Amino acid sequence: MELNIWLVYISVISLLLFSPGPSAILCISDGVKFGYKKAIPTILGGALSALILMTISAIGLGAVLAASETLFLVIKLLGAIYLVFLGWNAWREGAIKFPETNTNTSVSATYAAHKLFKKSFMVGISNPKDLLFFIALFPSFMNSEAPQLPQYIILASTWFCLEYLFMSVYTGLGAKMAPLFNNPRPMRWVNRILGSVFISLGSLLAISALFGKRL
């Protein structure tokens with residue numbers, strides 16, 4: 001995999017992981033209730049579900065490559081459009097409402113690592129938007145003329161490491177970050193900045209797919 005493509009991939013997924021979704025909100029909530037160390041199963045559950053969805057996407061991508069190069073190009077373009085769509089949605093978003101947490105509840109009475117892992121895994125694996133994201137994103141960074149497995153390993157391991165890092169930040173600083181996300185004014189500017197970058201990256205990927213193999 002070419003270095004410039006990998007760096008763009010890192011930029012895209014970093015922005016996506018920074019944008020709070022269901023898994024991030026769950027990490028913040030569990031971080032507030034249990035603290036970072038006890039909420040590590042929550043982080044791992046979401047990361048594992050992402051790896052499974054990536055594998056499903058990669059298997060489907062292999063079938064597409066075997067069927068048609070033109071179809072592969074169409075999927076790349078759909079991926080670029082999807083990023084633009086995410087950018088537009090980010091522009092429209094306001095504050096994020098987190099579930100209520102009862103800080104007076106005894107942690108020892110409610111905490112169970114396997115339950116946190118299972119809940120986080122189910123949140124990630126049952127979200128159809130996540131599967132759509134992986135199906136749409138991967139082709140934009142894959143070279144159809146190069147071996148697929150090494151590319152998949154690089155993309156998947158990069159995603160896992162960055163997701164663990166970002167979700168760790170959300171978990172560890174959850175109590176301090178939640179009031180910020182519930183404030184519409186700063187979140188509006190954060191979403192608009194993220195939305196603008198998503199739209200720019202989606203446009204870049206579309207141009208790359210149509211006019212050249214190098215970004």
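Visitor: Where does Gly202 lie?

Guide: Gly202 lies in helix 10, which covers residues 184-211, and helices here are DSSP runs of H or I with at least four residues, while strands are runs of E with at least two, both numbered from the N terminus. Before going on, please note that this is a predicted model, in which local features need pLDDT of at least 70 and side-chain atom pairs count only at pLDDT 80 or more, whereas totals for chains, interfaces and linings use all residues. Residues are numbered from 1 along each chain as its sequence is written, and side-chain values use heavy atoms, with hydrogens and water left out.

Visitor: OK, and is Gly202 buried or exposed?

Guide: Gly202 counts as buried, because its relative accessibility is 1%; buried means under 20% relative accessible area, exposed means over 50%, and partly exposed is in between, with a 1.4 Å probe and protein chains only. The C-alpha atoms of Gly202 and Tyr82 are separated by 7.5 Å, although these residues are 120 residues apart along the chain.

Visitor: Zooming out, how many helices and strands does the protein chain have?

Guide: The protein chain has ten helices and zero strands, and of its 215 residues, 42% count as buried.

Visitor: What share of the contacts comes from residues 24 or more positions apart?

Guide: Among contacts in the protein chain with a separation of 6 or more, residues 24 or more positions apart account for 88%, where contact means heavy atoms within 4.5 Å.

Visitor: Let's take a helix pair. At what angle do helix 1 and helix 8 pack?

Guide: Helix 1 (residues 3-18) and helix 8 (residues 148-172) pack at an angle of about 35 degrees, and their axes are 10 Å apart. The axes are lines fitted to C-alpha atoms, for helices over the stretch in contact, and angles run from 0 to 180 degrees between N-to-C directions. Helix 1 passes helix 8 in a right-handed crossing, a term used if the near helix is turned clockwise from the far one by less than a right angle, with anticlockwise giving left-handed.

Visitor: Which residues meet there?

Guide: From helix 1, the residues include Trp6, Tyr9, Ile10 and Ile13, and they meet a set in helix 8 that includes Ile154, Leu155, Trp159, Leu162 and Glu163. The residues of this contact divide into 13 nonpolar, two polar and one charged, with Ala, Val, Leu, Ile, Met, Phe, Trp, Tyr, Cys and Pro counted as nonpolar, Asp, Glu, Lys and Arg as charged, and the others, Gly among them, as polar.

Visitor: New topic: how many aromatic pairs does the structure hold?

Guide: The structure holds two aromatic pairs, meaning rings of Phe, Tyr and Trp (its six-membered ring) whose centres lie within 6.5 Å, with planes under 30 degrees apart counted as stacked, over 60 as edge-to-face and the rest as tilted. Tyr9 and Phe141 form an edge-to-face pair, at 5.2 Å centre to centre and 70 degrees between the planes.

Visitor: Which parts does that pair tie together?

Guide: Tyr9 lies in helix 1 and Phe141 in the loop between helix 7 (128-137) and helix 8, so the pair ties together parts that are 132 residues apart in sequence. Tyr9 is buried at 0% relative accessibility, and Phe141 is buried at 2%.

Visitor: What about Phe117 and Phe121?

Guide: Phe117 and Phe121 form a stacked pair, with 6.4 Å centre to centre and 10 degrees between the planes. They are separated by about one helical turn, because they are four residues apart in helix 6 (residues 113-125). Phe117 counts as partly exposed, at 30% relative accessibility.

Visitor: And what does Gly46 touch?

Guide: Gly46, in helix 3 (residues 40-67), touches Ser120, Phe121 and Glu163, not counting residues up to four places away in sequence. Gly46 is buried, with 4% relative accessibility.

Visitor: Where does the backbone oxygen of Gly46 lie?

Guide: The backbone oxygen of Gly46 lies 2.7 Å from a polar atom of the side chain of Ser49. Ser49 is also in helix 3 and is buried, with a relative accessible area of 2%. Leaving aside neighbours within four places in sequence, Ser49 is in contact with Phe121, Gly124 and Ile125.

Conventions: A polar contact is a pair of N or O atoms within 3.5 Å; within protein, one must be able to donate a hydrogen and the other to accept it, and residues adjacent in sequence count only if both atoms are side-chain atoms.
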